[in-house]
Amino acid sequence: MPAAFPKRPLTLIVPFSAGGPVDVLGRLLAQEYSARSGQTAIVENKTGGAGNIGIEVVRKSAPDGTTLLLIPAGNLTINPTLMPNLSFDVARDFAPVTSLASAPNVIVVSPKLGVTSIKQLIEKAKTTKLSYGSPGVGSQLHLAMELFSEKVGVDILHVPYRGSSQALGDVLGDHIDVLVTNLPAALSAIKGNLVVPLAMTTAQRSPLVPDVPTLEESGVTGIDVTSWYGMLAPKAVLNDVRDAIFTVTKDVLTTPALQEKLLTQGLSVMIEAPDVLAARIKRETALWAGVIQTRHITVK
């Protein structure tokens, strides 16, 4: 273990309920931290406030590296624009440690829609009033589809849901036409030919569905949207402590056994050094701020 790695018990704060991707990541990491350091590492689910309660816990914690935040991208890159009255500022209050993992996103449609490519979807949207579902207003997937609509010049009605499972059910029931979702949520429906996958919103194809092209390959450039999860510490954490946590986390995530466990959850390891993650947060925050403003997206 690096000398600067915390010598006291670690608490990984997950601002959402147990069972989701970021919770799965936290529990796998906690187990490995405990085994490698000899110090207890636990996950605490601090739910509420769309993740903001858990974020506040970490913001107010001692900056000694023993309290860490595990968080989805949207809380860092979207919410600050959608929710201008937040009590925290990502750049001011937190030190990025590393990104952890990502899940690819996919655009799917009902087979009854009669389209099998992004090009056909665009053409149909120009002549027919279509609707699409997302996991909620202001979610990364909602904004990804709004970015798509803006780039290709179509208007598709947004129908927000409280999660991808209900939205997928409404695609299967032909209540909505299109769904943009994490690939793991739609994989069984794709494999069962219950929905038609049109394109990945990510820069590369997914090995889980290698025949599904990317938006770039489908003629829509400038969109690379991955659902990712990161780790942050309080801003004043010492650099050598932060770097030690990054080094250990990178070593944990690069073990084949852990990567296999994550793949069963539809997650791929995505490791970025603190400065690289900081640049990603800044870049994506600017991107989504532009989409929110030009598409007039608000939350109540």
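The model is predicted: local features need pLDDT of at least 70, side-chain atom pairs count only at pLDDT 80 or more, and totals for chains, interfaces and linings use all residues. Residues are numbered from 1 along each chain as its sequence is written, and side-chain values use heavy atoms, without hydrogens and water.

**Largest pocket**
- The largest pocket holds about 1,300 Å³ of space (a pocket is an open set of points on a 1 Å grid over the protein atoms alone, where a 1.4 Å probe fits, with protein on both sides within 12 Å along at least five of seven lines; a volume is the space filled by probe spheres set on the points).
- Its lining (residues with an atom within 4 Å of a point) comprises 42 residues, and F16, P72, P135, S139 and N182 lie nearest the centre.
- The lining divides into 22 nonpolar, 18 polar and two charged residues (Ala, Val, Leu, Ile, Met, Phe, Trp, Tyr, Cys and Pro count as nonpolar, Asp, Glu, Lys and Arg as charged, and the others, Gly among them, as polar).

**Second largest pocket**
- About 470 Å³ of space lies in the second largest pocket.
- Of its 26 lining residues, S102, T202, Q204, D224 and T226 are the closest to the centre.
- α12 (274-294) gives the most to this lining, with five residues (helices are DSSP runs of H or I, at least four residues, numbered from the N terminus).

**Helix α1**
- α1 (21-37) supplies at least two residues of the lining of the largest pocket.
- G38, which follows α1, has a positive phi, near 80°.
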